[in-house]
Amino acid sequence: MQRKAARAATAVRRVLPGIAVLTALATAGLTGCTSSGGDRTVSDAKAGGSPAPAPAGKYRSLPSPCKAPELKRLKAMLPTPDSLTEEQREKLYAGAADTSYDGDRHVGCRWAAGTPSETRLLYVGFERVVSYDRATASDDDRARQVYVRQLTDAKLPFPGPTTSPSPSASSSAGAGPGPSASASASTGTGTSTGTSPAPSGSPSGSPAPALGSRVLEDLGDEAFLDDKLGAAGASAAQARSVRIVFRASNVIVTVEYSVQPSAAGTVPPSTETQDAARGLAEALSERFGG
């Protein structure tokens with residue numbers, strides 16, 4: 001009996017190392033399969049992951065439009081009669097803010113000043129454009145869409161590379177901001193003027209030179225100017241209105257400046273009105289880092 005027991009114990013000792021080896025091999029195999037599957041999962045996740053969203057716009061808020069123009073510039077653009085008190089002038093130059101339900105998206109401010117000879121109106125507006133699907137378009141992309149829509153509404157040529165066919169085809173296409181394109185675009189609005197009638201005091205037959213509605217260079221990321229001449233209310237006088245729109249990243253800036261003479265037959269000079277509006281627009285562009 002003791003010999004049989006000894007033989008059985010020896011047999012068990014010989015079998016156990018083999019079982020241990022088989023167990024170790026099986027465990028290694030399972031581990032290898034799990035690791036390989038995990039690597040494939042990580043790789044698949046990288047390959048099928050969502051693309052990074054487009055960057056947000058440069059500007060997350062808007063400045064106060066009523067405080068954006070310098071007081072010195074406002075006084076030059078909006079002269080007042082001597083009869084106004086200092087308190088009345090302060091109120092006038094403080095401007096009247098537009099009603100806004102979201103001051104970080106759309107704000108505006110208006111000024112009005114009158115003298116016996118004319119009335120002048122000024123408007124400054126800021127619109128911050130936000131893309132609600134930055135997986136497909138950035139804030140800047142959406143802002144450019146807004147700008148292009150306003151450019152199209154002003155009946156101005158879309159800027160960009162164009163071919164140069166015959167002169168007649170070029171003028172009819174209105175490609176580029178040159179004088180011919182500007183004149184074509186201006187007459188297309190019905191009230192815009194590529195050339196203005198001579199202001200009072202100008203020699204007959206030699207009207208003061210004027211630039212019509214056109215795309216502007218070196219103002220923000222892109223800009224245009226819309227110059228219109230029309231009746232000043234019920235009077236027979238001609239009122240000139242100059243609107244400048246420019247884009248600074250994801251913000252659209254609008255400047256509107258109108259001069260309405262009191263006397264019939266008086267035409268506000270285009271160059272002077274445009275220069276005043278453009279000077280303000282350039283100052284605002286600097287505030288946005290342009």
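Let me start with a term: helices (H or I, at least four residues) and strands (E, at least two) are DSSP runs, numbered from the N terminus.

Hi everyone, a word on the model first. This is a predicted model, in which local features need pLDDT of at least 70 and side-chain atom pairs count only at pLDDT 80 or more, while totals for chains, interfaces and linings use all residues. Residues are numbered from 1 along each chain as its sequence is written, and side-chain values use heavy atoms, with hydrogens and water left out.

Let's begin with the sheet. Seven strands make up an open sheet, in the order E1-E2-E3-E7-E6-E5-E4, with antiparallel pairing. Strands pair here if DSSP finds at least two bridges between them. At the edges sit strand E1 (96-97) and E4, each of which pairs on one side only. Helix H7 packs on this sheet and touches E3, E4, E5, E6 and E7; contact, by the way, means heavy atoms within 4.5 Å. The direction of H7 makes about 25° with that of E6. For those angles, axes are lines fitted to C-alpha atoms, for helices over the stretch in contact, and the angles run from 0 to 180 degrees between N-to-C directions.

Now please look at strand E3, residues 118-128. How much of E3 is covered? Mostly covered is the answer, as eight of its eleven residues are buried. Buried means under 20% relative accessible area, exposed means over 50%, and partly exposed is in between, using a 1.4 Å probe and protein chains only. On one hand, E3 is joined by ten bridges to strand E2 (residues 106-115), and the two run antiparallel. A hairpin connects E2 to E3 through two residues, and Ala112 has Leu121 in E3 as its bridge partner. On the other hand, eleven bridges join E3 to strand E7 (residues 251-261), again antiparallel. There, Phe126 has Val253 in E7 as its bridge partner.

Phe126 takes us to the aromatic rings. Rings of Phe, Tyr and Trp (its six-membered ring) pair if their centres lie within 6.5 Å; planes under 30 degrees apart count as stacked, over 60 as edge-to-face and the rest as tilted. By this rule the count is three aromatic pairs. One of them is Phe126 with Phe288, an edge-to-face pair at 5.5 Å centre to centre with 75° between the planes. Phe126 lies in strand E3 and Phe288 in the segment after helix H7 (270-287), so this pair ties together parts that are 162 residues apart in sequence. Both Phe126 and Phe288 are buried. Tyr147 and Phe224 give us a tilted pair, because their ring centres are 5.7 Å apart and their planes are at 50°. Tyr147 lies in helix H4 (residues 139-153) and Phe224 in strand E5 (residues 222-231), so parts 77 residues apart in sequence are tied together. Tyr147 and Phe224 are buried too. One aromatic cluster consists of Tyr59, Phe126 and Phe288.

Next, a covalent link. The torsion about the S-S bond of Cys66 and Cys109 is about 100°, so the disulfide is right-handed. Both cysteines, Cys66 and Cys109, are buried.

Asp218 has a phi near 60°, a positive value in a residue other than glycine. Asp218 sits in the loop between strand E4 (214-216) and E5, and counts as exposed at 77% relative accessibility. Back to Ser249, as promised: its phi is near 55°, also a positive value in a residue other than glycine. Is Ser249 buried or exposed? Ser249 is buried, with a relative accessible area of 8%.

The backbone oxygen of Ser249 is reached by the side chain of Arg247 at 2.9 Å. That is a polar contact: a pair of N or O atoms within 3.5 Å, where within protein one must be able to donate a hydrogen and the other to accept it, and residues adjacent in sequence count only if both atoms are side-chain atoms. Arg247 belongs to strand E6 (residues 238-248) and is buried, at 9% relative accessible area. Leaving aside neighbours within four places in sequence, Arg247 has contacts that include Asp140, Arg144, Asp221 and Glu222.

Terms used: Disulfide = S-S within 2.5 Å.
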